[in-house]
Amino acid sequence: VLPIRPSNHGEVDATRMIMLLPTWCYCALVLLLMTGSSTGWSNDGRSSLHYTSSSRRDACQALIASTVTIMCNTAAVLPIMPAHADVTNKVASSTALRSLSRAQSQLPAKLRPPAQSNNYNGVKTCLREPPFDTLRKDMLTLVRGGEDGPLADKLLLAYKQLIKSLEAIDATASLGMGRGRPGKIDPFQLSVEYEDIENAMDLFIIVASEAAGVPLQEDTQQMQVGSIDSRSGKVTTRVL
């Protein structure tokens with residue numbers, strides 16, 4: 001019997017065992033055929049030897065048949081560890097979380113000003129520029145990564161809530177860009193919808209972080225630039 005070596009993670013290398021099972025079954029089957037094709041002594045004067053040979057042959061056949069049965073049953077129930085898939089999902093979820101956190105940190109600087117000033121065209125444009133242009137893709141990555149986990153339902157609900165808030169402010173901006181329509185829109189509607197986005201994104205990132213098992217981290221790699229007022233000397237910084 002070939003030994004089964006533990007993998008790097010201390011688990012049995014199930015894939016290697018599955019690959020070797022056909023070889024084991026083939027060898028056992030050959031031995032079974034060989035023992036089955038042999039004949040014992042038929043001389044009546046050697047009946048005791050005939051009895052001993054037959055008993056050994058029957059015992060070998062029973063042992064080999066049992067071995068084949070055990071191997072086949074093992075092949076049916078032995079799990080294959082999805083180590084590579086887990087690592088891939090972990091990396092993808094971590095990348096998507098960093099991207100969403102970056103977008104969340106830039107909401108006040110990029111989306112809130114046009115929303116508070118009822119700049120419909122500005123809101124529409126902002127949602128289609130980095131880092132907000134990849135929001136849906138990053139959110140779907142996190143939902144798919146956690147669809148088999150215990151927080152799958154909660155994550156999907158948070159996803160739908162964030163998508164709904166993004167589509168709502170985008171629809172309002174489209175309505176405001178139409179001729180004669182801005183006067184029919186509540187002047188505070190964009191501001192309310194912006195707050196809905198902030199709350200929904202905060203909830204989604206928290207749930208997605210828990211579902212993916214990735215701790216939240218502050219994005220310290222963002223570049224900041226500043227401008228100095230020539231009269232007052234005040235420095236104003238903004239995130240790129």
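The structure is a predicted model, in which local features need pLDDT of at least 70 and side-chain atom pairs count only at pLDDT 80 or more, while totals for chains, interfaces and linings use all residues. Residues are numbered from 1 along each chain as its sequence is written, and side-chain values use heavy atoms, with hydrogens and water left out.

**Overall fold**

The protein chain contains eight helices and two strands, where helices (H or I, at least four residues) and strands (E, at least two) are DSSP runs numbered from the N terminus. Along the sequence the order of these elements is α-α-α-α-α-α-α-α-β-β. Of the 240 residues in the protein chain, 28% are buried; here buried means under 20% relative accessible area, exposed means over 50%, and partly exposed covers what is in between (1.4 Å probe, protein chains only). With contact defined as heavy atoms within 4.5 Å, 66% of the contacts between residues at least 6 apart in sequence join residues at least 24 apart.

**Helices H6 and H7**

Two packed helices are described by the angle between their axes and the distance between the axes. For helix H6 (residues 135–145) and helix H7 (residues 152–176), the axes come within 10 Å and cross at roughly 170°; axes are lines fitted to C-alpha atoms, for helices over the stretch in contact, and angles run from 0 to 180 degrees between N-to-C directions. H6 and H7 are therefore roughly antiparallel to each other, given that angles over 145 degrees count as roughly antiparallel, those under 35 as roughly parallel, 65 to 115 as roughly perpendicular and the rest as oblique.

On the H6 side, Leu135, Arg136, Met139, Leu140, Leu142 and Val143 take part in the contact, and they meet Leu155, Leu156, Tyr159, Leu162, Ile163, Leu166 and Glu167 in H7. By class, this contact of H6 with H7 has 11 nonpolar, no polar and two charged residues, where Ala, Val, Leu, Ile, Met, Phe, Trp, Tyr, Cys and Pro count as nonpolar, Asp, Glu, Lys and Arg as charged, and the others, Gly among them, as polar.

**Salt bridges**

Side chains of opposite charge can pair when their charged atoms come close. A salt bridge is taken here as a side-chain nitrogen of Lys or Arg within 4 Å of a carboxyl oxygen of Asp or Glu, and by this rule the count comes to three salt bridges.

| Pair | N to O distance |
|---|---|
| Lys124 and Asp170 | 3.3 Å |
| Arg128 and Asp170 | 2.8 Å |
| Arg136 and Glu167 | 3.5 Å |

The salt bridge of Arg128 with Asp170 links distant parts of the chain, with Arg128 in the loop between H5 and H6 and Asp170 in helix H7, 42 residues apart. Arg128 counts as partly exposed because its relative accessibility is 49%. Lys124, in contrast, counts as buried at 18% relative accessibility, and Asp170 likewise counts as buried at 18%.

In the salt bridge of Arg136 with Glu167, Arg136 lies in helix H6 and Glu167 in helix H7, so the pair ties together parts that are 31 residues apart in sequence. Arg136 is partly exposed at 43% relative accessibility, and Glu167 is partly exposed with a relative accessible area of 43%. Salt bridges that share partners join Lys124, Arg128 and Asp170 into one network.

**Other local features**

Ser99 lies in helix H3 (residues 83–110) and counts as buried, because its relative accessibility is 15%. Leaving aside residues up to four places away in sequence, Ser99 touches Thr134 and Asp138.

A cis peptide bond, with omega about 5°, joins Pro130 and Pro131, and Pro131 is found in the loop between H5 and H6. Asn118, although not a glycine, has a positive phi of about 55°; Asn118 lies in the loop between helix H4 (112–116) and H5, and is partly exposed, with a relative accessible area of 24%.

For helix H8 (residues 189–212), the 24 residues should span 34 Å at 1.5 Å a residue, which agrees with its end C-alpha atoms being 34 Å apart; the expected span of a helix is 1.5 Å times one less than its number of residues. H8 is followed by Gly213, whose phi is positive, near 70°.
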